[in-house]
Amino acid sequence: VQTLRSTGKLELLMHEMKNYNCDILGLSEMRWTLSGEINEGEVIWSGEQQHHVKGVGFLLGPRTQKALIGFRPVSPRIIVARFRGVPTNITVVQVYAPIADSTEEEIETFYEELDSVLGTISKKDILIVMGDWNAKVGQDNNGWEHVMGRYGYGQRNERGDRLLEFAAECSLTVCNTRYQHKDCHKWTWTSPDGSHKNMIDLILITRRWKTSIRNCRSYQGPDISSDHSLVMCKMQARLRRNYSVKKTEPRINTHRLQEPPFQEKFQQELEQELQVAKEDLSTIDEKANWLAKKIVTTAAKVAPHEFMPRRSWITQRTLQLADEKRQLKQRRSDSAAAADCYRKKSNEVRKAAREDKEGWLQQQCHEIEAGFQGNRTREAYRLIKQMNKVWQPRLTEIKDINGQMLQSVQEVSE
């Protein structure tokens with residue numbers, strides 16, 4: 001994605017993901033620091049400690065969020081996520097290999113680290129390794145029939161040889177090369193001038209599970225201002241919801257009980273509840289617990305629940321501009337005028353996203369001011385806390401006594 005640091009880039013990416021009905025979207029070169037998750041696993045990532053470079057992660061759909069067992073941020077180039085599936089669990093590894101200008105030592109260090117990570121994954125799991133490999137495997141599969149298919153793209157380079165050797169050692173096969181498609185559905189990267197196209201974003205799966213893949217191809221339609229294309233792999237597998245995650249009950253909007261209509265109704269309902277013959281309570285603790293339970297149940301009945309929906313600040317106008325920009329992307333290589341039109345539309349989308357963010361912040365400030373003027377100080381301070389909230393990474397990984405990194409919430413708790 002080149003970067004997710006620009007304003008509105010993540011929201012536009014979510015919009016594209018929804019259009020193409022993706023369950024698991026692997027991301028390379030996010031350029032986010034540290035590691036963590038957003039919105040209970042909607043976005044999980046692993047990045048550098050300080051510098052905004054590299055970075056890998058996942059953008060998960062609603063089904064995969066519920067099936068997520070845990071994730072392990074290994075490095076700014078490798079992240080592992082495990083999902084509960086049927087008939088077996090699914091482990092997905094997202095990678096961002098060193099670029100072509102990197103030294104051989106950096107390449108070998110990357111593959112050694114990746115090999116070490118794959119060695120810790122259960123052999124029973126369906127293993128998928130995907131991402132930006134910065135390697136060309138080409139279309140000649142002579143001698144590599146067990147690793148890749150006959151429908152590759154371009155010519156293989158030295159990095160492609162290294163990737164195929166690694167795939168052979170780990171019993172992996174390249175899904176991109178197993179299905180016959182047009183060339184425009186094979187290449188995944190294009191140079192800024194559009195003169196060079198390569199297949200360097202690859203999806204690999206354990207050889208014994210390759211028959212579960214139904215199709216794998218690239219899509220040139222999605223547009224988030226990146227030189228890489230979306231690569232989608234359709235897999236026949238079922239995800240199973242993680243029922244160990246407890247559902248949180250909505251909060252009672254207690255500050256509404258300070259308003260006269262709700263206050264009067266609460267008093268009437270509570271009097272009726274207390275008039276009901278209570279159970280045989282002998283101790284003072286039992287009586288206190290009974291009274292507390294009646295107060296809470298009555299408040300929940302009278303006061304409305306305080307739902308906190310996640311409202312996106314990006315407007316439909318900006319999303320419409322993004323759709324127009326996607327259509328222009330298909331014609332930008334026709335002429336210089338078409339490329340200039342696409343560039344202007346891209347700038348227009350970026351400007352609209354910044355205006356949406358600024359407008360949202362202004363609206364929040366108006367709501368805070370109205371809260372103080374209307375004696376709704378609790379709501380006002382809640383909005384202030386949301387605006388000034390500093391993100392704190394949550395500890396999601398820990399090693400056991402043998403030095404193995406644990407992923408699931410249950411294992412970490414134990």
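Modeller: The following account begins with the chain as a whole, turns to the open sheet, and then takes up the helices.

The model is a predicted one. Its protein chain comprises 10 helices and 20 strands, and its C-alpha atoms fill a box of roughly 85 × 55 × 40 Å along the principal axes. Of the 414 residues in the chain, 45% are buried. Among contacts with a separation of 6 or more, 64% are between residues 24 or more positions apart.

The open sheet is formed by 6 strands in the order E5-E6-E8-E9-E13-E10, and its pairing is mixed. E5 and strand E10 (172–174) are the edge strands, each pairing on one side only. From one strand to the next, the twist averages 20°.

E5 pairs with strand E6 (residues 78–83) in the antiparallel sense, over 6 bridges. Within this pair, glycine 70 has arginine 82 of E6 as its bridge partner.

Methionine 130 finds its bridge partner in E13 at isoleucine 203.

Helix H3 (residues 104–119) lies across E5, E6, strand E8 (90–96), E9 and E10, and runs at about 170° to E8.

Alanine 299 belongs to helix H6 (residues 284–302). Its relative accessibility is 9%, so alanine 299 counts as buried. Not counting residues up to four places away in sequence, alanine 299 touches Ile252, Leu257 and Phe266. Glutamine 236, by contrast, stands 63 residues from alanine 299 in sequence and 48 Å from it in space, C-alpha to C-alpha.

Next comes a pair of helices. Two packed helices are described by the angle between their axes and the distance between the axes. For helix H7 (residues 316–329) and helix H8 (residues 336–373), the packing angle is about 165° and the axes are 9 Å apart. H7 is therefore roughly antiparallel to H8, and H7 passes H8 in a left-handed crossing. On the H7 side, the contact is made by Arg317, Thr318, Leu321, Ala322, Glu324, Lys325, Leu328 and Lys329. H8 contributes Cys341, Tyr342, Lys345, Ser346, Glu348, Val349, Ala352, Ala353, Glu355 and Asp356. The residues of this contact divide into 8 nonpolar, 2 polar and 8 charged.

Helix H8 also holds glutamine 364. Buried means under 20% relative accessible area. Glutamine 364 has a relative accessible area of 4% and is therefore buried. Leaving aside neighbours within four places in sequence, glutamine 364 is in contact with Leu383, Gln386 and Met387.

Conventions. Residues numbered from 1 in each chain as written. Predicted model: local features only at pLDDT ≥ 70, side-chain atom pairs only at ≥ 80, totals over all residues. Heavy atoms only, no water. Helix = DSSP H or I, 4+ residues; strand = E, 2+ residues; numbered from the N terminus. Buried < 20%, exposed > 50% of the residue type's maximum accessible area, 1.4 Å probe, protein only. Contact = heavy atoms within 4.5 Å. Pairing = 2+ DSSP bridges. Axes fitted to C-alpha atoms, helices over the stretch in contact; angles between N-to-C directions. Parallel < 35°, antiparallel > 145°, perpendicular 65-115°, else oblique. Left-handed = near helix turned anticlockwise from the far one by under 90°. Nonpolar A, V, L, I, M, F, W, Y, C, P; charged D, E, K, R; others polar.
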